[in-house]
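Let's take a walk through this structure together, starting with aromatic rings and ending at a helix.

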Amino acid sequence: MPLSEQDQLLSYNGEVLVFQLSKPKHAEEAGDKIMNLCVRRMAFNKDSKLFVQKSSAVFSMEASHSKTEIICCSCTMDSRTGIILPCILLKKQKQSNIKYFLLLLHSSNQFEPSFYFKLDYELKEDIKLFAGPSLLWRHANKLFYISSNTCVVQSAPVQLSSVVWTGEIVGEGTVVLGIRTACLPETEDPDVFSVSDRAIWGSEFFGYAIQAQKRLTATCFMPHAYSRVVSSVYVCKSERWRKQLRISLVAITHKNQLIWFQNGAPRGVCELPYEEPRSVRPALTSSNDLLFVVSFASGNSCVVQRKDNLQVASKWQRVKCVLVDDFIGSGSEQLLVLFQDDCNTDLLSTFRITDLVKFNFASGISYKHDVPAAEGLQENGLLTVRALETRLQAGWTSVRELQQHLELQKRVILKSCRALIDLVEGRTHILPKSKEVKCRRWARSPLNSAKLFEGLVSLWDDVESPPDSLSKKTSSASEVPEHLTEELWQRVVGDSLVVGVKLTESSYLSLSDVSLSLVMDQDFSLISPIIKCHSKIIKLSKAFSTLAVSSSQTEPPPKKIKLDLHSKNDLKKEFSKRSSRTQLDGAKTVTAVTSLSPLLAFHRVCCIVLLHARKQTHQNDSLQQSKKITVLCGKILLNLEDISTDRYSVKMLRDNSYCTGSIEDILAVLAVSVIFSFQIVSCDCTLTPVNSWLLGEMECTPFKECQDNIFCHKAGNVHGTIFNWALKNPFEGILTIFCRNLTVLFQCLHSLTGALPPSCSVKLLRSGSKGVLTEQLALALEKEMLIFKNSLFAKETEAENSFTWGNESGKKISNAPLASLLDTKEGVQQFRKKFQNEREESMRSMNQTMNGALYQKIALKIAEAQLSSDMIVWGLE
């Protein structure tokens with residue numbers, strides 16, 4: 001169907017909508033009473049590189065003895081649904097009666113009449129469609145608008161000589177930016193520069209918010225000095241910062257310029273290649289470049305690129321129109337340039353789709369009409385592609401080297417694991433000598449020119465040792481310490497495997513930094529036998545009235561380097577005594593939690609359980625030097641049959657008013673749980689609703705073995721959650737929640753806040769009770785102060801031993817009064833000599849040095865004390 005001058009084109013969701021007015025095919029039957037508005041949806045086909053019709057629709061209207069025209073079309077938002085839809089403005093004129101219709105086109109190709117209105121004049125100046133849908137125009141220097149919500153023509157109390165932009169501004173709604181004759185205020189107190197600027201140029205920019213019906217400060221858009229030359233504006237970005245409006249926009253002028261404004265100030269300018277620019281619109285391409293498409297009255301167009309500065313990237317002549325949309329479905333916008341072709345009446349047969357970087361589709365274009373303004377950009381693009389190819393090759397080489405390094409690292413780790421297993425189980429693992437490895441590092445093979453052999457060797461030169469000393473070292477390394485563990489158990493909780501080791505009471509004071517590791521006993525050549533897991537230390541008192549859980553995951557982000565404490569003999573005695581009292585009355589269990597599903601992939605797995613700790617010795621109530629130990633706790637077997645029969649599953653059942661769960665079941669649930677403590681404070685009522693909430697709505701029952709901890713039997717996600725409610729006084733308490741994940745925590749808190757009175761406050765405690773942490777912080781700061789004091793005393797003692805204070809000759813100087821010394825020449829010389837000696841002693845005292853070992857010892861003590869106090873402060877935050 002050929003296009004006429006009255007037809008309109010619009011881009012929408014990557015399609016080109018062609019609107020045409022036509023008579024029905026059977027005109028003799030309908031006469032002149034019917035007029036059809038036809039729309040064709042055209043989509044670009046990548047294979048044929050042509051636009052093909054996807055669908056069409058027709059809207060029939062009565063047109064008896066009247067002239068119907070399409071005034072304009074645009075994509076606007078429907079305020080009822082918030083969906084952007086094509087909107088068409090039609091005019092039907094019968095003699096002096098002019099009627100305007102606004103239609104919406106839905107995705108189902110159904111036309112919907114939005115509203116209509118009548119005027120006694122024609123719309124000719126500054127016609128704008130915006131959200132609603134709404135229509136705005138200018139007539140006789142007055143501003144009129146109508147919306148689908150009111151369907152009544154309204155007049156704005158402003159006079160404008162032109163409208164340069166209409167759109168949405170953050171916090172203001174729909175805003176009209178126009179130019180009018182300067183109106184200097186008499187009663188207001190505006191900015192002096194703005195008043196003088198308007199007085200000089202005689203015109204000003206004017207911003208008007210339609211919904212709020214208020215005037216905006218137009219200087220945040222651009223200075224009034226540009227009001228005489230600007231013809232069109234496009235606002236790219238608007239935001240509010242510290243209650244001030246910040247605007248970024250581009251404007252085209254009658255001087256054939258495109259200017260970029262930022263917060264009311266010009267930031268860049270570009271000379272346009274043609275005269276009489278008419279409109280400007282943006283486009284965001286695949287390379288995130290912001291392009292500005294400028295159309296001219298002569299039928300030409302150009303594209304201005306904004307990178308470091310504004311520059312013309314391309315320009316075309318004999319252009320019908322330029323549309324901006326994602327026509328090829330790439331996720332970014334392209335330009336559809338439709339050219340005028342006298343030989344072909346179908347406008348969509350001669351076009352170009354391009355984004356000036358990656359995409360360029362053309363059909364039926366005579367390239368003589370193209371002006372090669374982007375040759376420099378294309379050359380730069382070619383050089384950029386070559387540089388990127390070089391970088392890609394270099395990156396691929398680095399990746400291959402990294403893969404080889406990772407393979408070598410993996411083999412070394414596997415050999416280290418085998419050596420560790422042999423060492424723990426008492427088997428002899430023979431390491432190759434460094435000379436032997438050096439000799440066979442590179443070896444020729446028929447398949448590879450060179451092959452790398454690696455092995456575990458010592459980091460220092462091999463020293464020949466006699467067989468006796470070697471046997472002594474082997475026996476001491478395989479020597480197992482005294483019995484430290486009592487029981488080894490395993491449980492399955494959800495998708496987690498929990499392995500627990502109960503420590504003996506005698507080991508409480510002798511072990512620190514305790515953790516577990518799991519090592520697969522099978523000999524796998526492609527995977528690491530070390531199983532990734534995290535450890536927790538759980539302690540239950542003998543009376544089962546208290547419970548404490550510690551984990552390495554609760555540590556704060558380290559503000560200092562964590563030191564390897566080789567010596568702890570300088571700790572305060574009260575610290576060791578306090579730790580002894582808290583650990584003597586409980587049974588401590590170390591747990592390791594790992595993911596179960598990767599282990600079940602092997603159907604049957606045997607794992608070795610290793611206990612890692614630091615063994616300390618006590619002497620005269622002080623901690624002596626510690627050493628790292630590794631103890632073999634035993635082996636665990638895991639297979640699919642045991643999992644299917646629930647052999648290791650946790651069993652929490654109700655027995656009257658108690659929960660019958662074994663100690664191992666309780667510890668397993670605690671090991672896989674995340675711990676959160678909340679301080680609940682009530683000002684005007686007691687906290688009895690907490691007990692009612694736990695026993696009633698949450699359906700909790702206490703453990704027989706540990707009655708202060710209660711188990712949640714409520715169906716749903718919260719099932720299996722453990723609570724600990726400690727009432728400090730009737731108005732304050734600490735609620736500790738052991739839950740699987742954050743979702744369960746939020747569900748519990750939502751239910752709790754609904755049961756508590758509104759006056760109650762719930763505060764998250766990061767680590768333990770605030771009072772206990774405050775006491776610990778006081779002791780830590782006291783310890784830190786004592787270490788500083790003792791360090792200074794140690795420095796002074798060493799300085800006294802290292803330096804000789806005074807001068808032997810100075811000792812012979814008599815202690816005569818100063819006046820008697822200055823009476824004679826010899827006395828003055830003695831006084832001068834004594835003064836010089838004291839001056840030298842003072843300089844030596846200022847330049848004192850310290851022994852390296854003493855400085856290292858002092859720095860270690862200070863760092864330990866500061867690290868301890870910092871961790872306590874983190875818990876109080």
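**Aromatic pairs and a helix**

F351 has 0% relative accessibility and therefore counts as buried (under 20% relative accessible area, with exposed over 50% and partly exposed in between, using a 1.4 Å probe and protein chains only). This is a predicted model, where local features need pLDDT of at least 70, side-chain atom pairs count only at pLDDT 80 or more, and totals for chains, interfaces and linings use all residues. Residues are numbered from 1 along each chain as its sequence is written, and side-chain values use heavy atoms, leaving out hydrogens and water.

The structure holds 15 aromatic pairs (rings of Phe, Tyr and Trp, the last by its six-membered ring, with centres within 6.5 Å; planes under 30 degrees apart are stacked, over 60 edge-to-face, the rest tilted). In one of them, the ring centres of F51 and F351 are 5.0 Å apart and the planes meet at 75°, so this pair is edge-to-face. It joins distant parts of the chain, with F51 in strand β4 (residues 50-62) and F351 in strand β27 (residues 351-354), 300 residues apart (strands are DSSP runs of E, at least two residues, and helices runs of H or I, at least four, numbered from the N terminus). F51 is buried as well, at 9% relative accessible area.

Now look at helix α11. V744, L745, C748, L749, S751 and L752 are buried there.
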